[in-house]
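Dear colleague,

I am handing over the structure we spoke about, and I would ask you to look through it before you read my notes below.

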Amino acid sequence: MLPASAKAPHKQPHKQSISIGRGTRKRDEDSGTEVGEGTDEWAQSKATVRPPDQLELTDTELKEEFTRILTANNPHAPQNIVRYSFKEGTYKPIGFVNQLAVHYTQVGNLIPKDSDEGRRQHYRDELVAGSQESVKVISETGNLEEDEEPKELETEPGSQTDVPAAGAAEKVTEEELMTPKQPKERKLTNQFNFSERASQTYNNPVRDRECQTEPPPRTNFSATANQWEIYDAYVEELEKQEKTKEKEKAKTPVAKKSGKMAMRKLTSMESQTDDLIKLSQAAKIMERMVNQNTYDDIAQDFKYYDDAADEYRDQVGTLLPLWKFQNDKAKRLSVTALCWNPKYRDLFAVGYGSYDFMKQSRGMLLLYSLKNPSFPEYMFSSNSGVMCLDIHVDHPYLVAVGHYDGNVAIYNLKKPHSQPSFCSSAKSGKHSDPVWQVKWQKDDMDQNLNFFSVSSDGRIVSWTLVKRKLVHVDVIKLKVEGNTTEVPEGLQLHPVGCGTAFDFHKEIDYMFLVGTEEGKIYKCSKSYSSQFLDTYDAHNMSVDTVSWNPYHTKVFMSCSSDWTVKIWDHTIKTPMFIYDLNSAVGDVAWAPYSSTVFAAVTTDGKAHIFDLAINKYEAICIQPVAARKNRLTHVQFNLIHPIIIVGDDRGHIISLKLSPNLRKMPKEKKGQEVQKGPAVEIAKLDKLLNLVREVKIKI
């Protein structure tokens, strides 16, 4: 027989090759050759193939370890998400970004056993399984009965003991089948599939804001009102009405039927005016508080600032601009008059009109306070331009005003209405030309108020307030001396001098100076109405201002449109000092604190401050105050504070503070008391006048 390997060579080729291999290995072992020959050839056939772009690394580079830290952060998660913050009202970047990346999701139908749905399914499965088991038991018992019947027949009659046992078994099975299997009672759960979820959000910190104010004042008022008190109140009201009726009957004999209605209106108007007065006072206080906060820097400069650079300047000073006063209703009107109130030192009056005689319109009188530069304290309007004004020394609420149409008027600040309390008319002797200046004088012998006025019609008139009427008396009529014209009929006409300014002597009541449009200054007396005490050929053009020195009784000053300011001794007809300011001079004013300091303003917008004790040849301060287009018209020194106010032809009033060099006082010397007072000021000015007189005598 052939071996198993040769029987079916075509069916198991692999087994044949394997058996051959094993045989060769056995032969190798028998021949003594080593096992594993030919392994190099097998390894060479499985050499690794490297791609051409692979790096060639050395052994040290291959053995080098590189650590990589793997994090759960998503590299594709955005880092610049911005959301709107309602708390701060801006868009803010979000610091925390969700790093979860979902690659695959699938909705499953698996239910946890502990859930309500899982318990319901488990209960249903138990019921189904129990019903199936009961059916199986019934079917099995039926089969058993069929099988036992032939066995009973086959049993012998002697074997009766088994019959009652089988019957008992049948009874048990029937009872068990008839009673259904009851499930165990369990606690009912919520009929809804409720799952509790919780989330944590960032709660904003709570901030408390508190403010403390002073409690308003409280007053407890209690009263009882019974019928008697009500009756008494009505009786008092009826008595008041009867008294008022009696007063009306005394004034007007004919009684009016509508007296009751008029009384009711009067009482209601009085109550309304009282309420308005209280409200206006409160509003004025609030307005001043607001202005104090608005102009706090200027107020601080006004009180405390002094130019420290004056210590390094050689007798030269500066002007510091402070408040600027202007009103919309006074636009296109020139400042024609300025005057400080003698009692209330922060209050000053401003007259508005026009120096352009071809453009005359309305006029205004405003009173400003340094405490409220935004709006005037008092405001009065007139149909004619206000050309001059003056405030009474003893009655600071009375303001005398001269108008362009020749009328003079007196305004009472205590009365709220805008009309003047007293006014002249054609019947009462008003001027026929513009009134250029008014001055209050001492009361007459009957203690009646009295003031003077000067006009271009050549009349200097004294006005006296008698029984609520202005009574006029012509003091003097100005005439141009030496210029007489003869009429063919043989009469001589004396041309009238046009008065432009005047000022009364501080000590000699009857003596006063008058400046005219012809450039002359007349020294007049109230006692002589047809003769001048003296005449000065002062200027080549009209005299704008004449002013006595407040300390020295012999010295006065004048200015004119011929660009000059001159200082005079009224006992000498030639001026003591002459200053050319290179522009028309609008106004000059003496300083109240020194006999040698005065200020002048020119039409080129510059203010000039002179101190004869420091420099008697030129001004120690020349400073442009307004634009070149604006012409300065008037200047006034404050009586206490080191400030001046300047007005221009655009309706602006500028307040300026004098630097320390412009208000120098005598320095204290060691061991000597500084002498102050009018005597020192008079001596200082006398010294200068004596020097000038000696020079003139030598010449």
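In general, the strands of a sheet pair through backbone hydrogen bonds, in either a parallel or an antiparallel way.

These two strands belong to an open sheet of four strands in the order 18-19-20-21, and the pairing is antiparallel. Its edges are formed by strand 18 (499-504) and strand 21 (534-537), each of which pairs on one side only. From one strand to the next, the twist averages 20°.

Stepping back to the chain as a whole, please keep in mind that this is a predicted model. The secondary structure comprises ten helices and 32 strands, and 32% of the 699 residues count as buried. Among contacts with a separation of 6 or more, 48% are between residues 24 or more positions apart. The chain exposes about 50,600 Å², of which carbon and sulfur atoms supply 53%.

How far can the model be trusted? The mean pLDDT of the chain is 79, with 76% of the residues reaching 70 or more. Over residues 1-36, however, the pLDDT is below 50, and this stretch has four contacts in the model beyond near neighbours in sequence. For residues 149-172 the pLDDT also stays under 50, and here the model has zero contacts beyond four places in sequence. Where pLDDT is low, the predicted coordinates should not be read in detail.

Definitions and conventions: Residues numbered from 1 in each chain as written. Predicted model: local features only at pLDDT ≥ 70, side-chain atom pairs only at ≥ 80, totals over all residues. Heavy atoms only, no water. Buried < 20%, exposed > 50% of the residue type's maximum accessible area, 1.4 Å probe, protein only. Contact = heavy atoms within 4.5 Å. Areas by Shrake-Rupley, 256 points an atom, 1.4 Å probe, with all protein chains shown as cover. Pairing = 2+ DSSP bridges. Axes fitted to C-alpha atoms, helices over the stretch in contact; angles between N-to-C directions. pLDDT = per-residue confidence, 0-100.
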